[in-house]
Amino acid sequence: MSFFKKLKDKFTKDLQPQFEPPTEEELKEMQEMEESDDSLEGETEVVQDSGDEIESFDEQPEDDTEEDLHDETEEELEGETEEDEDLEDPVSDSELKDSEAELEPEVDQSPVEDQEESIASKFKKGLAKTRNSFSSKINDLVARYRTVDEDFFEELEEVLISADVGVNTVMEMIDELQLEVKRRNIKDTKEVREVISEKLVEIYYGDDDAGEIEGLNENPDGLTIYLFVGVNGVGKTTTIGKLAHTLKAEGKNVTLAAGDTFRAGAIDQLEEWGRRVGVNTVKHSEGSDPAAVIYDGIQSAKSRNADVLICDTAGRLQNKVNLMNELSKVKRVIEREVPGAPHEVLLVLDATTGQNAMSQAKTFSEATDVSGIVLSKLDGTAKGGIVLAIRKELDIPVKLVGLGEKVTDLENFDAHAFVYGLFADMIDEYEDEEEIES
Ligand SMILES: Nc1nc2c(ncn2[C@@H]2O[C@H](COP(=O)(O)OP(=O)(O)OP(=O)(O)O)[C@@H](O)[C@H]2O)c(=O)[nH]1
Ligand SMILES: [Mg+2]
């Protein structure tokens, strides 16, 4: 079967069920329901219920006297902790309302099933910039070269490099493409587009070849701990908020630990996310020892039988050495408190920073064993090819991708969905052509 067709079947089916015309039987059932049942109002109440969960934050009591006045001593890991659960933190009611008014529309309260169904559409939307740039270049190439020759491949090489795929990966890709084109005896450049899409997926998975989405590692018996690292501004805190939302929607009990005690406002920012998605945040005061915060986060999560603890960390300290030492210390505390943890050390990289992300990855990998990459802001770049460069040249799996600023804009990385997002226009066009032919 054609690869485009395969992707189309895999991803657009998900999007379409609601548009498929109902069968006669379903029509009959619907008619019967309309006639006999006028108690539909009861059902809409359920929807309102889920909204209440967010709105109820307005009603939480505030307590200004809980201001954190105690400074932490470096050595003391069992420090004073503040937890967010009871929302007894010193945020004024009006502040709370203001920030919620701003943030509330972004909270997606649609059922999880709906969110799963739209994975293809999320990748399609999130990769719009890359697709527009990439597919127009490919189409232009195909229009200018009718037959596949050396010059065609040379220009294709440039297109791939300009999409940040990474030079070594591009070389490998071009070699594979040339072999495949020969093997299939392809002469028409139009047909090469499909081979490119197929090879992109193959190149991503490499010899692992499982073709499986690599989800986050979990602790099968007890608390799962995810440690987030990355330089400032890449999207750590935002991703933690999104992930907490996803895990909570899966029915998991989640706690956050505010390990960025360095940047002013970082603790509040995480706490705000905790509030938005309705999970606890463990925090100390600004300037305190992050390892102590994480330690308390673990104790708190354990005592509540939480399923997952997500740890935020600073993106910047006085200097890089301090930052790396701090991360190592935090990781040691986690390892000591929960054997086998952290279950993921997730390095967040900003896709819009291009090749700079690669050098960040190298630095962090030296300080701590990075188990997976979160590639944020894919929606903000026309150079989404960075996914492949990261996977191939760092040999670290891209576990999650940020496809927008909404709380639901975080997805497990799926190379097939990624390639679907890149070629969506061509895939549709291709099908049209096929249909006309048949
Ligand atoms: N468009 C887009 N914006 C994102 C995405 N992820 C994060 N951002 C934005 O990136 C900015 C920085 O995000 P933060 O989560 O504060 O980054 P951070 O790594 O925690 O930064 P520090 O706390 O300073 O270390 C925010 O404005 C986010 O809204 C994404 O996937 N897409
Ligand atoms: Mg942050």
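Biologist: Hi! Which loop does lysine 377 lie in?

Modeller: Lysine 377 sits in the loop between strand 7 (372–376) and helix 16 (386–394). Helices (H or I, at least four residues) and strands (E, at least two) are DSSP runs, numbered from the N terminus. This is a predicted model, where local features need pLDDT of at least 70, side-chain atom pairs count only at pLDDT 80 or more, and totals for chains, interfaces and linings use all residues. Residues are numbered from 1 along each chain as its sequence is written, while chains are lettered from A and ligands numbered from 1 in the order in which they are written.

Biologist: Thanks. Is lysine 377 buried or exposed?

Modeller: Lysine 377 is buried, because 22 other C-beta atoms lie within 10 Å. The cut-offs are 20 or more other C-beta atoms within 10 Å for buried, 12 or fewer for exposed and anything in between for partly exposed, with C-beta atoms placed from the backbone.

Biologist: What is phi for lysine 377?

Modeller: Near 60°, a positive value in a residue other than glycine. Asparagine 185 also has a positive phi, near 55°. Asparagine 185 is in the loop between helix 9 (167–183) and helix 10 (189–205), and it counts as exposed because it has 6 C-beta neighbours inside 10 Å.

Biologist: And which residues does the cis peptide bond join?

Modeller: Alanine 341 and proline 342, with omega at about -5°. Proline 342 belongs to the loop between helix 14 and strand 6 (344–350). For background, most residues other than glycine have a negative phi, and most peptide bonds are trans.

Biologist: Let's look at helix 14, then. Which of its residues are buried?

Modeller: Leu323, Glu326, Leu327, Val330, Lys331, Val333 and Ile334. They are on the same side of helix 14, because they cover an arc of only 155° around the axis, taken from the directions from the helix axis to the C-beta atoms.

Biologist: What covers those residues?

Modeller: The cover includes strand 2 (224–229), strand 3 (254–259), helix 13 (290–303), strand 5 (308–313) and helix 15 (356–367). On the face turned away from the buried side of helix 14 are the exposed residues Val321, Arg332 and Arg336.

Biologist: Nice. Switching to ligand 1: which residues come nearest?

Modeller: Gly235, Thr237, Thr238, Gly315 and Gly402, out of 22 residues around ligand 1. A residue is near a molecule or strand if its C-beta atom, placed from the backbone, is within 6 Å of it. Helix 11 (residues 236–249) gives the largest share of the shell, three residues.

Biologist: How many of the shell residues are nonpolar, polar and charged?

Modeller: The shell around ligand 1 has four nonpolar, eleven polar and seven charged residues. Here Ala, Val, Leu, Ile, Met, Phe, Trp, Tyr, Cys and Pro count as nonpolar, Asp, Glu, Lys and Arg as charged, and the others, Gly among them, as polar.

Biologist: What does UniProt list for residues 397–410?

Modeller: The unreviewed UniProt entry lists "domain: SRP54-type proteins GTP-binding" there. UniProt positions are in the numbering used here, feature names are shortened, and annotations may be inferred rather than shown by experiment. In the model, the span 397–410 is 0% helix and 43% strand, and its end C-alpha atoms lie 16 Å apart.

Biologist: Last one: how many helices and strands does the protein have?

Modeller: There are 17 helices and nine strands, and 40% of the 438 residues count as buried.

How values were computed. Two residues are in contact if their C-beta atoms, placed from the backbone, lie within 7 Å.
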